[in-house]
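Visitor: Before we look at anything in detail, could you take me through this structure and tell me, at each step, on what grounds a term is applied?

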Amino acid sequence: MTTTSVQAGPGEQAPESRRRLGDLIGAVGAQNLILVLAIVLVVVVFGVINPGYLAWANIRVIADAVTIAGLLAVVQTVVIICGALDISVGSATGVASVVSAMAFTATQNALASMGLAIVVGLVLGLVNGVIIVYGRVNPVIATLATLAAYRGFAQLLSNGAAMGFVLGDDLWIFISRGSLLGLPTLMWILAAVALAIHLLLKYTDIGRNIYAIGGNDTAARLAGININKYLIAVYALAGVVSAIAGIILTARTGFGHPTSGSSGLELKAITAAALGGCALAGGKGGVGGTLLAMVLLGALENGLTLNNISTFWQNVAQGALLVIAVVIQQRRSGERAVGLPT
Amino acid sequence: MSQGPVLELRGIDKSFGPVQVLHDVAFSVYPGEVTALVGDNGAGKSTLVKCIGGIHPIDAGEYFFEGEKVQVNGPRDAAALGVEIVYQDLALCDNLDIVQNMFLGRERTSGLVLDEAMMEEMAAKTLAGLSVRTVKSLRQQVSSLSGGQRQTVAIAKAVLWNSKVVILDEPTAALGVAQTAQVLELVRRLADNGLAVVLISHNMNDVFAVSDRIAALYLGRMAAQVRTSDVTHSQVVELITSGRSGELGLRNGNGAAS
């Protein structure tokens with residue numbers, strides 16, 4: 001009791017400077033500021049332990065590793081803002097990877113094979129949306145089911161093996177190893193998708209309505225917003241972006257593979273979105289925060305790998321991070337600890 | 001006012017399965033007046049409002065708007081006519097700000113992108129037209145507003161669209177004394193601006209404070225639609241609880257309105 005009264009003294013003296021600091025934090029976003037600080041902390045710690053960590057070559061490794069999960073995290077952000085969840089993105093990525101490689105083997109036409117993969121991704125996303133909206137299945141259950149089903153579908157298509165080899169084609173090589181203006185093609189793809197989704201969310205009526213659906217779906221419906229159309233479209237978007245991730249996966253490894261490289265991506269995507277400030281109840285979040293969180297995850301994972309920490313521990317760490325991120329979210333929203341969380 | 005009704009319903013029937021909720025209801029709403037719609041729980045007030053708003057299709061009866069017979073098949077039809085409903089507490093998104101809420105579902109765009117400046121200006125103009133001074137910033141999130149301010153935003157949202165009829169579903173039910181007074185003042189101002197206002201309320205004080213006419217529903221029938229100045233407090237209570245009061249109200253049993 002005495003300590004609190006002692007501390008109350010100086011606290012009252014500086015409300016003005018504190019308010020100014022509050023305004024600054026409000027402008028950047030407290031969540032984003034914490035993420036930037038965390039990234040700096042991680043970089044400094046690993047940079048001191050192992051100077052090779054900050055080498056340009058290693059930073060490129062981090063960037064490459066972040067791209068695929070980053071794409072899924074960005075689109076997961078949109079799904080979560082709607083108040084839904086898509087766990088099946090990793091499996092859809094695997095399907096698209098297999099499809100693109102098989103189609104390329106059959107046709108030797110890079111563009112056509114990528115186009116086919118994107119169409120398949122679109123269909124997978126539409127299936128998710130239709131199951132959820134018209135089947136009235138909870139999004140978590142529906143996409144948990146399609147997580148298993150799509151993975152099985154990819155394994156059926158490929159017989160569980162790596163398919164084709166694509167790195168004999170210029171376009172595939174360009175995606176895999178090429179660069180534009182000094183930045184790898186992979187980064188450009190992620191930047192383009194992230195920017196497009198950011199603009200969609202912040203500056204169009206579509207984005208505004210997506211936030212409205214996540215914030216109060218009854219209000220959105222009474223305002224005449226066709227919620228069903230939006231939800232199905234958002235899942236279709238998730239399918240398409242998953243397919244782009246699958247194409248990149250094929251380009252990076254040279255093969256189409258049903259599971260290796262794509263399973264576990266859903267966890268990364270959801271963790272990044274939650275860390276980045278998306279409220280899982282919907283209505284809050286943005287592309288910027290998610291990307292920052294993705295960079296943090298990538299930097300952390302790379303640093304742990306460089307220092308020979310077992311991937312088993314990395315999985316534990318990632319799971320723990322997701323829980324911590326959501327706990328912080330719920331505390332901030334003032335959720336009371338009674339019964340099941342909303 | 002000698003003007004004809006802007007909105008008129010005749011012989012409305014509405015059933016949900018075997019339950020007939022509305023029986024041969026007639027209802028008129030006049031421009032520049034506040035019409036209070038009263039009735040006990042289950043009398044059919046909400047159903048009648050939802051029929052007007054196009055949320056429930058009517059089984060039988062005629063819907064006239066500005067003297068013309070119209071078909072209302074959905075909320076969009078009603079909104080196109082200029083009929084807006086303000087729901088008690090369901091119609092705002094907490095995670096959006098005031099301007100965003102007022103334009104919800106009908107955002108103004110220039111080209112592909114949202115025209116934030118224009119929307120903010122229109123919202124400011126609308127709120128100023130209603131003499132609303134209680135909100136600090138139009139970019140405040142709705143979650144930070146008080147109950148009265150939220151109701152104000154909801155009403156302003158309905159007025160924004162050059163609407164002709166505004167229906168308020170128990171706008172004061174969850175409010176304190178001072179906020180209730182604020183909202184009622186706003187309701188009166190809407191009518192003074194020439195709008196036809198329908199006020200659903202359980203509170204007789206509110207009804208007598210602002211309404212020009214009172215329509216009383218009793219068990220799905222329109223017991224009476226009278227001028228507020230012609231009736232007393234206790235007569236209205238009688239109409240609500242027994243469907244009749246002296247010469248006013250339903251004749252015994254046969255359900256014909258006087």
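Predicted model: local features only at pLDDT ≥ 70, side-chain atom pairs only at ≥ 80, totals over all residues.

Guide: Let us begin with a term: on a 1 Å grid over the protein atoms alone, a cavity is a set of points where a 1.4 Å probe fits but cannot get out, and its lining residues have an atom within 4 Å of a point. Grid points are joined across faces, edges and corners, and a volume is the space filled by probe spheres set on the points. Residues are numbered from 1 along each chain as its sequence is written, chains are lettered from A and ligands numbered from 1 in the order in which they are written, and side-chain values use heavy atoms, with hydrogens and water left out.

Visitor: Which helices supply at least two residues each of the lining of the second largest cavity?

Guide: Helices here are DSSP runs (H or I, at least four residues), numbered from the N terminus. Helix H5 (89-107), helix H6 (110-134) and helix H12 (227-253) of chain A each meet the mark of at least two lining residues, and H12(A) gives the largest share, four residues. Among the lining residues are Asp86(A), Asn128(A), Tyr150(A) and Tyr235(A).

Visitor: What is the volume of the largest cavity, and which helices line it?

Guide: The largest cavity has a volume of about 90 Å³. Helix H14 (287-306) and helix H15 (311-332) of chain A each supply at least two residues of its lining, which includes Leu297(A), Glu301(A) and Gln314(A).

Visitor: How many residues are in contact between chain A and chain B, and what area do the chains bury?

Guide: With contact meaning heavy atoms within 4.5 Å, 18 residues of chain A are in contact with 19 residues of chain B. Buried area is the accessible area (1.4 Å probe) that two parts lose on being put together, summed over both; for chain A and chain B this is about 1500 Å², 59% of it on carbon and sulfur atoms.

Definitions and conventions
1 Å grid on protein atoms, 1.4 Å probe; cavity = no way out; pocket = protein on both sides within 12 Å on 5 of 7 lines; lining within 4 Å.
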